[in-house]
Amino acid sequence: MKKIMTLYKSVGKYWPFAVLTPLFMVGEAILELQIPGRISNIITYLQNLGEQPIDSAFMWGEALWLIVFSLASMACGVLGALFGSRASAGFSANLKNRLFRKVQTFSFSNIDKYSSSSLITRMNTDVQWVNMSFSMSIRMIFRSPTIFAYALIKASRISKDLMLVYLIAIPILVVGLTLIHVFAHPQFEAGVKKVDKVNEVVEENVRGVRVVKSFTREEDEIKKFDRENNLLYKYFKRGQTIVQFTSPLMMIAIYTVILLIVIIGVNRIESGQIYEMVTYSLNILIALNMLSMVFTFMVISKPSRERIYEVLTEVPTIKSPENAVEEVKDGSVEFKNVFFKYNLESEKYVLNNINLKINSGETVGILGTTGSSKTTLISLIARLYDTLDGDVLVGGVNVKDYDLEVLRDAVSVVLQKNQLFSGSIIDNLRWGKEDATLDEIKEACKIAQASSFIEAMPNKYESKIEQGGSNVSGGQKQRLCIARAILKDPKILILDDSMSAVDTKTDALIRAGLKEYKKDITKIIVAQRYMSVQDADKIIIIDNGEIIDCGTHEELLKSSKTYQEIYHSQNQEASHE
Ligand SMILES: Nc1ncnc2c1ncn2[C@@H]1O[C@H](COP(=O)(O)OP(=O)(O)OP(=O)(O)O)[C@@H](O)[C@H]1O
Ligand SMILES: [Mg+2]
């Protein structure tokens, strides 16, 4: 119930619609249920008329009532449907909005918990399911019980004996409907889960379509999709086949009730009242069926509700503290006995007792084999993850004490898995600084060696970037990402393997540009090639989550075995080229 209420809070300012809908739906039902009585009056009157002339005043009166009730009930129905669709459209929009905002507060470790396809499914398919059950509920949840109770009372006033028919028919129908749901639910539930899987396959395939093609994996991907999609189809088909039994069950119940009412009622009540009883019984049975459908939707959408609830109640692991420090004094960085691991259960630390001091304005290179924890190390500086033990200081202050925005403005990271967004080049660059002038943008691009290829594009800085930056080369994308990071005018600039796709000459030009134009900022360069870091003030060598060596190029050449190996093997490679 708590979960339902948490989700239904998303009705927000549309609450008047959500309240009016059930009211009007109940109104529609009550008004509609006035009609059988009136028709019964007319039938009974006509039957007992005998030879007398028709009392036209009475007939007109009854006809007028019929028209009034029909029109009023119709109006209520239309308004109920209208308000209902407003409420559910508003609810779904608000819920998506809440989810989207919530995901924006996620830290990297929150994001690690969910796959991106799962988050997308939660925002689309799951919201749809929850919305369907919401809109069914607000329409039917009071309407059906009202019809049920009202029709039962009305019927009992006509004949207590005939009520027996209901007492037999209702339990049979309830048992039948329950059985149908018991068998159909697991199928629908499994089907809904499969939707998740199918979405995952589709999303992964579409995202990685280039890799799929280059490995000619299309056939395998199609098979994978077919397998999941067929399972999805089977579950829903089975579920729907079982639900098909509702219709014959309803028909049998309805005809049996009609038959019994006519047989038993013929000598006990007026024929108008027989008509009335039959109509009430229809209403009662349909109301029961509707209720069972609401119930079905509630149950089928339960996993969706839970998945949405899980995201909404996820606690962001990284937040700005109260009384946060609002200024980063300088670009110094210090690691004090830092330990870190992604998975708390794993025994091995990803960073093991890191101690490191970087002075403001220094250029520091980080070398290490793949998986040696270079990315992890630099992630802690911008507080993308929190240390497990020990402290990371930026500008002499613990990163946990800063306002997150202030810290991340001062620490600009070009992530290894960088990303551009659909929009123009200039839009993408302005992520770094919203109000950057064209001159500032041009200067950043000059340093990042991006100007020449941008200028060569037909629309220059206004050229469009496709989703994910698919229409620029790997090296161009890296240079745009570096320009974007420079534009931020940070105190610390971290390039995580950000020049892996640019040639050595451009790599050197970018470094020279940074040295010349961005003297004061601390530069931390994670690289594969020793050449990218050889003129750094300090080179750190990481292995297996530990700093094994630290010094200048010359010092390391003398003292570090690992550095010598890197140096020689890369020089050999270069001489073979
Ligand atoms: N988000 C994550 N969740 C769980 N484990 C992770 C995550 N990111 C990295 N790891 C693990 O942490 C270790 C260090 O990874 P990291 O990305 O820091 O290495 P790296 O030195 O940057 O490697 P590369 O040179 O390939 O970029 C690896 O064993 C990796 O599998
Ligand atoms: Mg890395």
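Helices here are DSSP runs of H or I with at least four residues, and strands are runs of E with at least two, numbered from the N terminus. With that in hand, welcome to a short tour of this predicted model.

**View 1. The shell around ligand 1 draws most on helix α14.** Three residues of the shell come from α14, which spans residues 374–381 and gives the most of any element. In total, 13 residues surround ligand 1, and the closest are Y342, T370, K374, T375 and T376.

View 2. Follow the strands in the order β2-β1-β4-β5, and you will find that the pairing is antiparallel. At the edges sit β2 (351–358) and β5 (397–398), each of which pairs on one side only. Helix α14 packs on this sheet, where α14 touches β1, β2 and β4, and the direction of α14 makes about 120° with that of β1.

**View 3. Strands β1 and β4 meet within that sheet.** Residues 333–340 make up β1 and residues 389–394 make up β4; the two run antiparallel and are joined by five bridges. For a pair to look for, take V333, whose bridge partner in β4 is V394.

**View 4. Six strands form a second open sheet to explore.** Here the order is β6-β9-β10-β3-β11-β12, and the pairing is mixed. The edge strands, β6 (411–414) and β12 (546–551), each pair on one side only. From one strand to the next, the twist averages 15°.

**View 5. Strands β3 and β11 pair in the parallel sense.** Five bridges link β3 (residues 363–368) with β11 (residues 538–543). G368 has I542 as its bridge partner in β11.

**View 6. Helix α19 lies across two strands.** The helix covers residues 474–487 and lies across β6 and β9 (492–496). Relative to β6, α19 runs at about 175°.

**View 7. Stepping back, the protein chain divides into two domains.** Domain 1 takes in residues 2–312, while domain 2 is made of 333–417 + 491–576. Their centres, taken over C-alpha atoms, are separated by 59 Å. The secondary structure of the protein chain comes to 22 helices and 12 strands. The radius of gyration is 36 Å, well over the 25 Å that the globule rule gives for 577 residues, so the chain is more spread out than a compact globule. Along the principal axes, the C-alpha atoms fill a box of roughly 125 × 50 × 45 Å.

Terms used
Residues are numbered from 1 along each chain as its sequence is written. Chains are lettered from A and ligands numbered from 1 in the order in which they are written. This is a predicted model: local features need pLDDT of at least 70, side-chain atom pairs count only at pLDDT 80 or more; totals for chains, interfaces and linings use all residues. A residue is near a molecule or strand if its C-beta atom, placed from the backbone, lies within 6 Å of it. Two strands pair if DSSP finds at least two bridges between them. Two residues are in contact if their C-beta atoms, placed from the backbone, lie within 7 Å. Axes are lines fitted to C-alpha atoms, for helices over the stretch in contact, and angles run from 0 to 180 degrees between N-to-C directions. Domain bounds come from an automatic or database domain assignment. The radius of gyration is taken over C-alpha atoms; the globule rule is 2.2 Å times the number of residues to the power 0.38.
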